[in-house]
Amino acid sequence: MKILVTGGSGFIGSTFIHYWLTRHPDDSIINFDKLTYAANPESLSDLTANPHYQFVQGDICDEIAVDKLFSDTIDLIIHFAAESHVDRSIDDPMLFVKTNVLGTYTLLSAAKKHGNIRFHHISTDEVFGTIIPGVVDVFSESTPYNPSSPYSASKASADHFVRSFGKTYGLPITITNCSNNYGPFMNPEKMIPRMITNLIDGKKVPIYGAGENYRDWLYVTDHCSAIEAVILNGKLGQTYCVGGLKETSRNIDLVKQIIKLMNKSEDQIEFVADRPAHDNYAVNWDKVHNELGWEPKETLTSGLQKTIDWYQTHESWWRAAKTEAEAFYQRLNAARNK
Ligand code: NAD
Ligand code: TDX
C-alpha cells in the first residue's frame, strides 16, 4: 500500500510514520509537510535512507503541489497536517482557517479527482466544545459539535467538509476525534513538554487559571494503534472517538504528578492568567473498543515516565523549539495581561 501522510514532520505524524513502517514494512509512505515552526525534520532523520519513505516539502493549501503528489498511485491519505495550538489560534485565527479548513478542502478535492481515494482525517475532541456537567458529561460520536476556540472551530469545519465529501461524492472517509496526546517528539509549546522542560531548566511552571480544567490524556503510540485499527477495520463513513483514560486529570494534579516523578518542588508552580474560553474534555471511547477491539496500553504514570525520560535525554531535539515557544508566550502574556 502507498500512503500519503500530511503533516508527518509534526508530533503525531512522525510518531505514526515510525509506528506504521515498523509494523507494515512493505508499505511506502510519502510525507507531505510544509515544515512550519511546529515541524522538526530531526524526528524522521533515521528514515532518510529507507526506500519506503519519501519526504516532499509543500503546503496542503497549494492545489498544484497537492495535485503533483498523485502522479504516483496513492492508496490512502492520512491527514494530520494542521495548525494545532489553541493559544496560537487565539493570536492568529486566519492561519487556522487557511490551513485547517482550506487545506483539508484542497486535499479532499484531490482525493476525489484522483479516483476517490480512501481518506482518513485526524481530528480532535475539541470540536465538541466543553464538558457541561449534567448536560454533556462525556463526548462520544453522537455529541453535537460546539467548538470554543478558533482552532476547534477550524477543525470542526474540516470534519464537516470531510463528512460532506463522503456523503456527496462517495469519498471513502473515516475520522478519528481523539483527546490530548502526549509523548516524545511533542513541541514544547504544549502543556506536558512545556512543564517538563521548564522543570529541567529550573523555571516556574505556569498553570492557567486555578488549574481546575481537565483533560483525558492519550499516549501518542496508543493514538497510532487506534488510527491503525480504524484504517484496517473501521467502517467507511464513520467517526471514532479515541481517549486515553477512563478518568480525566485536572491540570494542577497532572503538574503535581510530573513534579513528583521528576523529584522537583511544588514551589515551582505559578498560577497565571487563564486562557479565554478554556474548555474541559472527557472522551467515551466505547465504540472503537467494542467494534475494533482497541484500547490504550499506557497508564498516565507509565506514559509520563517515558515522556520525562525522553525529554531529559533529548535536549538537542527540543531546545530551539522551546526558545521559539517561550518567545511566543512572552508576546501572548503581554497581550493577556494588558
Ligand atoms: P503538530 O503541530 O505537532 O504538527 C503539525 C504538522 O503539520 C507540522 O509538521 C507542520 O509543519 C505541518 N503543517 C502545518 N501546516 C501545514 C500546511 N499548510 N501544509 C503542510 N503541512 C503543514 O501537530 P500534532 O500535535 O502532531 O497534531 C497532528 C494532528 O492531530 C492535527 O490535525 C491536530 O489537530 C490533531 N490532534 C492533535 C492532538 C494533540 O494533542 N497534539 C489531539 C487531537 C488531535
Ligand atoms: O503553559 C500552559 N499552562 C496550562 O495550564 C499550557 C501550554 C497549557 N495549560 C493548560 C491549558 C489546557 O487546559 O493545559 C491544558 C493543555 O493545554 P495544551 O497543551 O495547549 O493543549 P489543549 O489546548 O488541550 O489542546 C491539545 O489537545 C487537543 C492540542 O494542542 C490540540 O491540537 C488537540 O486538538
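**View 1. Secondary-structure elements around ligand 1.** With three residues, β5 contributes the most to the shell around ligand 1, where helices (H or I, at least four residues) and strands (E, at least two) are DSSP runs numbered from the N terminus. At least two shell residues each come from α1 (11-23), β5 (118-124) and α5 (150-169). This is a predicted model, in which local features need pLDDT of at least 70 and side-chain atom pairs count only at pLDDT 80 or more, while totals for chains, interfaces and linings use all residues. Residues are numbered from 1 along each chain, chains are lettered from A and ligands numbered from 1 in the order in which they are written, and side-chain values use heavy atoms, without hydrogens and water.

View 2. Oxygen atoms of ligand 1 lie 2.9 Å from a backbone N or O atom of G10, 2.8 Å from a polar backbone atom of I12 and 2.6 Å from a polar side-chain atom of S84. The protein covers 97% of the 830 Å² of accessible area that ligand 1 has on its own (Shrake-Rupley method, 1.4 Å probe).

**View 3. Surroundings of ligand 2.** Among the 21 residues around ligand 2, those that come nearest are S84, Y151, R215, R275 and H278, a residue being counted if one of its heavy atoms lies within 4 Å. An oxygen atom of ligand 2 is 2.5 Å from a side-chain N or O atom of Y151, and a nitrogen atom of ligand 2 is 2.8 Å from a polar backbone atom of P206. Of the 650 Å² that ligand 2 exposes when taken alone, the protein buries 95%.

Definitions and conventions: A polar contact is a pair of N or O atoms within 3.5 Å; within protein, one must be able to donate a hydrogen and the other to accept it, and residues adjacent in sequence count only if both atoms are side-chain atoms.
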